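Visitor: I have a new model open. Show me how to read it.

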Amino acid sequence: MYTTWVLGFPSGNEQGSYLTIDLGGSNLRVCWITLNGRDPESSKHDINLAQHKYEIKDDMKTGEASELWKFIAVSLQKFIQDHDLNGKAQEPLRLGFTFSYPAIQDYIDQGVLQTWTKGFDIKNVEGKDVASQLREAMKRLELPVELIAVINDTTGAMIASAYNDPDTVIGAIFGTGCNAAYMDKISNIPKLSNNEQTQSLDPETPMAINCEYGAFDNSRTVLPVTKYDSTIDEDSPRPGEQAFEKLSAGLYLGEIYRLILLDLNSNKILLKNHNLKDNKKFSEPYCIDTALLSSLEDDTSSSLSESARALEEKFDIVLSEEELLLSQLIAHLIAIRGARLCACGIAAICRHQNITKGHVAADGSVANKHPRFKRRWARALGEILDWEENDWSKDEDDQNVGPIMLTSAEDGSGIGAAVIAAMTIERWEKGQRAGILGRNEK
Ligand code: GLC
């Protein structure tokens, strides 16, 4: 549970132009965003957004910190040049940085990485302040940029969504990783009980909490796991960490499926005349993505011929109809377990906060691209929270209709980061500086 120093939901009146960067899985996304305020006619927000994605090469994910920060600063430099931002907008350009890893934040413009997650393993960043590492790299290139806020993707999703939808109560990511953020009042946050900075604040002031519940049950005392889960953990760059995430997030679902098929094959239950271990393509760890699992689940072609073709094309595997049915069932089980666990995380927040209705603004590949995810998630949430059956199970369009609803989050790492930067600057200018390191001290 990490404090974020995002104090409350946006008013909706936030304005201005901001640079944002998002260090995601395979790309660095850079945006230039202008919040123009509400359009008086539609009362919707008028927002301009220009963006570019810069590919993060695989070797960078396990390389040196200096390479990472240099890559980010050079990409920013290129973006500023390509979009002709130098000298045109207010200087320095104000930057919101979405850094979606567990980081302790004593200030909103600082974040000490605790551990890399989601397969990243860059040396010399853990235990360090990512904001100052980025600032140094930007200084070296003399970029006219000031880092205003470091945010988590879940907080970004919550704030960007609340900017437009006042019913938003939680921001969640069900994607490569899984995690959520919610608001709590400062007096409820034990970590802040002796914090000097909060002395000037009303104890009722809300603050966004980044749960980092992907790390739930790292002690492995609560959740049942299979031998496949144990293999995934042991072979990961950080064994013992992100226990909950390794059972439920998109990065791992395909790999669980691959390990099960390998096991069934070595026990001669599947593909008796083929040794999957000798199959070069299939023996590559993490070669199966969530998209393949969801298309397998949703295959309505006769004799599952579409899945048969996909598996043959990708991995030179020819499964019989029975074997295809078995592998479809396995895909179902993995996805159902994942969706139900994702509901557990949200249910825990709802119970803790007595949330009985509202919108859970979710982003991420599993939430958006897996067609059955929402339905399964809602069913599990309804079971845990004891919803009346009629409240939530009568949908006809495969949409969830419970009192706590999954909605598609607005762009958290773009608009969310920009809105948080605007909120932070506004606080600073009003002299409300709790949790902001700020310009003078840096
Ligand atoms: C991982 C990260 C967390 C992030 C989540 C979703 O769990 O540790 O910070 O929010 O993935 O991207």
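Guide: Start with burial. This is a predicted model. Of the 442 residues in the protein chain, 57% are buried.

Visitor: What does buried mean here?

Guide: Buried means under 20% relative accessible area. Now take the surface.

Visitor: Which radius of gyration would a compact globule with 442 residues have, and what does the protein chain have?

Guide: The rule puts a compact globule of 442 residues near 22 Å. The protein chain has 23 Å, so the two agree. Along its principal axes, the C-alpha trace spans about 70 × 50 × 45 Å.

Visitor: How many helices and strands are there in the protein chain?

Guide: The protein chain has 14 helices and 13 strands.

Visitor: And how do I read the contacts?

Guide: Look at separation along the sequence. Take contacts between residues at least 6 apart in the protein chain: 69% of them join residues at least 24 apart.

Visitor: In which sense do β5 and β8 pair, parallel or antiparallel?

Guide: Parallel, over 6 bridges. Strand β5 covers residues 93-98.

Visitor: Last, charge. How many positive and negative side chains does the protein chain have?

Guide: There are 46 positive and 66 negative side chains. Compare where the two sets sit, too. Their centres lie 2 Å apart.

Methods
Residues are numbered from 1 along each chain as its sequence is written. This is a predicted model: local features need pLDDT of at least 70, side-chain atom pairs count only at pLDDT 80 or more; totals for chains, interfaces and linings use all residues. Side-chain values use heavy atoms; hydrogens and water are left out. Helices (H or I, at least four residues) and strands (E, at least two) are DSSP runs, numbered from the N terminus. The radius of gyration is taken over C-alpha atoms; the globule rule is 2.2 Å times the number of residues to the power 0.38. Buried means under 20% relative accessible area, exposed over 50%, partly exposed in between (1.4 Å probe, protein chains only). Contact means heavy atoms within 4.5 Å. Lys and Arg count as positive and Asp and Glu as negative; His and the chain ends are not counted. The place of a charge is taken as NZ of Lys, CZ of Arg, CG of Asp or CD of Glu. Two strands pair if DSSP finds at least two bridges between them.
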